Amino acid sequence: MDRASLLTLIESPVGAWVACGGCTVLLVLVGVGFWRLVAAADGASKQEPPVSAEKKPKMPVSTPEGSEDVAALRSLQPTQWLQNLYQGLSKTRDKWLQGLGALFVEGRKIDAATLEALSELLYRADVGVRTTASMMEYIRAQRPEGSQISEGEIRGWMRQKTEALFTTLDKPWNEATAAGMPTVFLIVGVNGVGKTTSIGKLAAHFLAEDKSVLLCAADTYRAAAIEQLQVWGQRLDVKVVAHQQGGDPAAVCFDAVQSAVAKKTDVLLIDTAGRLHNKTHLMEELGKIRRTISKAMPEAPHEIWLVIDATTGQNAVAQVQAFQEIVPLSGLIVTKLDGTAKGGVLLSIADQFHLPIRFIGVGEKAVDLRPFDAAQFASSLFPA
């Protein structure tokens with residue numbers, strides 16, 4: 001209705017009657033109707049055009065926790081990490097030192113009884129038979145049979161042997177050789193060891209180094225695994241390539257590699273299923289994934305890392321052996337070292353399988369997963 005029509009309504013008998021102080025109820029009704037009509041008439045001429053999707057402000061995707069993760073990694077001081085590592089290995093170290101202290105209440109000599117007692121302490125720390133025997137040979141070589149030895153000397157020899165063991169395995173991991181191409185990490189491991197969480201923490205680690213990261217959810221058998229990785233992606237503002245639950249894991253990997261290549265992403269981290277109880281099927285699946293990745297990028301995957309849970313002790317040794325028969329492992333990520341007295345299993349695995357330990361975890365935060373350092377680990381486990 002235009003303004004002329006509105007004026008006609010006001011000049012009508014009804015409008016005049018209202019103006020003369022008529023029925024209060026009618027006044028309210030006419031007044032409400034009048035203002036609605038005015039608003040409609042004005043609104044028709046002043047209606048704003050819709051805001052285009054392009055002009056809408058982009059909402060932030062990353063969460064405060066993700067920003068804090070990256071910031072904490074960038075600001076982490078070496079001394080702080082050493083403190084975290086020392087505290088994280090406290091259960092393993094305390095168990096070892098308590099036993100060693102009880103053994104050296106009185107003076108000791110290098111003899112069969114002493115070596116047998118030391119061997120028992122290492123067994124209880126899940127060092128393993130083979131590595132323990134190697135340790136005893138090293139100690140025996142330090143002094144002639146029957147020589148008097150102290151607790152401090154034993155700790156020093158154990159520290160030297162441990163550092164030497166890991167140092168011989170230390171080498172840089174493989175990276176993409178062509179400029180602008182992604183380094184592809186295939187992460188494997190049984191369910192429950194912290195594999196997906198470790199991938200999220202690794203992503204934060206690479207972001208802290210100013211590298212671009214892409215995540216791939218190739219564990220398509222568990223909806224929870226896909227969702228968990230997507231949560232990490234949102235937390236860190238990192239894209240996650242994922243298909244529906246039950247999809248082909250190799251197809252997800254192919255799409256992820258193509259996306260990483262097209263976008264010149266620095267790092268691609270691929271999560272995989274860990275159903276080790278069906279070893280034949282897992283071998284076939286991981287084999288297909290590797291072949292598919294190689295088709296998309298011939299030199300990939302550059303690294304295949306196995307995630308193991310330190311709290312499982314010697315069971316972790318069995319997992320390394322099983323996965324090494326399935327895929328050519330190039331490194332290990334050891335989680336939950338802060339929750340166990342079985343940290344000696346790292347020595348056993350390194351000695352038996354000659355695999356470098358790439359990262360170790362001693363807590364729940366991203367800053368608690370750090371690159372492995374042989375000297376730091378040895379001095380935290382066997383302090384002077």
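## A tour around helix H6

Start by selecting Ser90, Thr92, Arg93, Trp96, Gly99, Leu100 and Leu103: these residues of H6 are buried. Keep in mind as you look around that the model is predicted.

Now widen the selection to the whole of H6, residues 90-103. You will have 14 residues on screen, and the distance from the first C-alpha to the last is 19 Å, close to the 20 Å expected at 1.5 Å a residue.

What do the buried residues of H6 pack against? Show H5, strand S1 (108-109), helix H7 (112-124), helix H9 (151-167) and helix H16 (374-381), and you have the partners.

Next, keep H6 and H7 and hide the rest for a moment. Two packed helices are described by the angle between their axes and the distance between the axes. Here the angle is about 165° and the axes lie 10 Å apart. H6 is therefore roughly antiparallel to H7, since an angle over 145 degrees counts as such. The crossing of the pair is right-handed. To see who makes the contact, pick Lys95, Trp96, Gly99, Leu100 and Leu103 on the H6 side, then Ala117, Leu118, Leu121, Leu122 and Arg124 on the H7 side. Of the H6 group, Trp96, Gly99, Leu100 and Leu103 are also among the buried residues you began with.

For the last stop, bring back H5, residues 78-88, and select Gln80 within that helix. Is Gln80 buried, partly exposed or exposed? Its relative accessible area is 35%, so Gln80 is partly exposed. An α-helix has 3.6 residues a turn, so residues three or four places apart point the same way.

Conventions: Residues are numbered from 1 along each chain as its sequence is written. This is a predicted model: local features need pLDDT of at least 70, side-chain atom pairs count only at pLDDT 80 or more; totals for chains, interfaces and linings use all residues. Side-chain values use heavy atoms; hydrogens and water are left out. Helices (H or I, at least four residues) and strands (E, at least two) are DSSP runs, numbered from the N terminus. Buried means under 20% relative accessible area, exposed over 50%, partly exposed in between (1.4 Å probe, protein chains only). The expected span of a helix is 1.5 Å times one less than its number of residues. Contact means heavy atoms within 4.5 Å. Axes are lines fitted to C-alpha atoms, for helices over the stretch in contact, and angles run from 0 to 180 degrees between N-to-C directions. Angles under 35 degrees count as roughly parallel, over 145 as roughly antiparallel, 65 to 115 as roughly perpendicular and the rest as oblique. A crossing is left-handed if the near helix is turned anticlockwise from the far one by less than a right angle, and right-handed if clockwise.
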